[in-house]
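Welcome to a short tour of one structure.

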Amino acid sequence: MDIHERLKYLREQLSLTTRAFGAAINMSGGAITNMEKGTRNITERTIRDICREYNVNPDWFINGNEPVFEDITSELDIDDDVRQLAKQYSLLNDTDRELVRKMINSLAEKIEKTDYRNIGK
């Protein structure tokens with residue numbers, strides 16, 4: 001897989017249109033399409049912008065060496081379960097992230113109500 005194919009693969013893994021993918025790095029959808037097809041070169045600046053915006057491992061993007069994404073949780077003081085949840089969450093689209101937030105908030109409210117009822121017992 002060459003860098004142009006990796007660009008398309010990345011965009012598809014993120015479930016983004018060329019327009020949405022490009023908008024995050026101030027490029028048009030047409031420019032992204034042309035880069036995916038190999039009819040437009042991918043500049044170093046574009047590589048930096050993509051890697052920064054989408055937490056992509058530059059070595060994967062340029063050379064194809066795994067992993068695809070940077071471990072943005074590596075410097076946090078959290079256990080492995082929370083780290084794994086953060087990685088999975090980062091792969092969700094905005095709609096699914098909102099659903100997860102609502103579920104967590106709903107569970108937190110339920111726990112708070114339960115805890116308040118049990119105080120002093």
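Predicted model: local features only at pLDDT ≥ 70, side-chain atom pairs only at ≥ 80, totals over all residues.

Residues are numbered from 1 along each chain as its sequence is written, and side-chain values use heavy atoms, with hydrogens and water left out.

**The largest pocket**

- A pocket is an open set of points on a 1 Å grid over the protein atoms alone, where a 1.4 Å probe fits, with protein on both sides within 12 Å along at least five of seven lines; its lining residues have an atom within 4 Å of a point.
- The space in the largest pocket is about 490 Å³, taken as the space filled by probe spheres set on the points.
- Of the 21 lining residues, L14, Y54, S90, L91 and R97 lie nearest the centre of the pocket.
- Two or more lining residues come from each of α4, α6 (80–90) and α7 (94–118); these helices are DSSP runs (H or I, at least four residues), numbered from the N terminus.
- Helix α6 gives the largest share of the lining, five residues.

**Helix α1**

- In α1 (residues 3–13), the buried residues are I3, H4, R6, L7, L10 and R11; buried means under 20% relative accessible area, exposed over 50%, and partly exposed in between, with a 1.4 Å probe and protein chains only.
- Seen down the axis of α1, these buried residues fall within an arc of 160°, so they line one face of the helix; the arc is that of the directions from the helix axis to the C-beta atoms.
- Among what covers them are α2 (18–23), α3 (29–37), α4 (44–54) and α5 (58–63).
- H4 counts as buried because its relative accessibility is 16%.
- Leaving aside residues up to four places away in sequence, H4 touches M35, E36, G38, R40 and I42, where contact means heavy atoms within 4.5 Å.

**Loops and backbone**

- S15 lies in the loop between α1 and α2, and its phi is positive, near 55°.
- N26, in the loop between α2 and α3, is not a glycine either, yet has a positive phi of about 60°.
- E66 and P67 are joined by a cis peptide bond, with omega about 0°.
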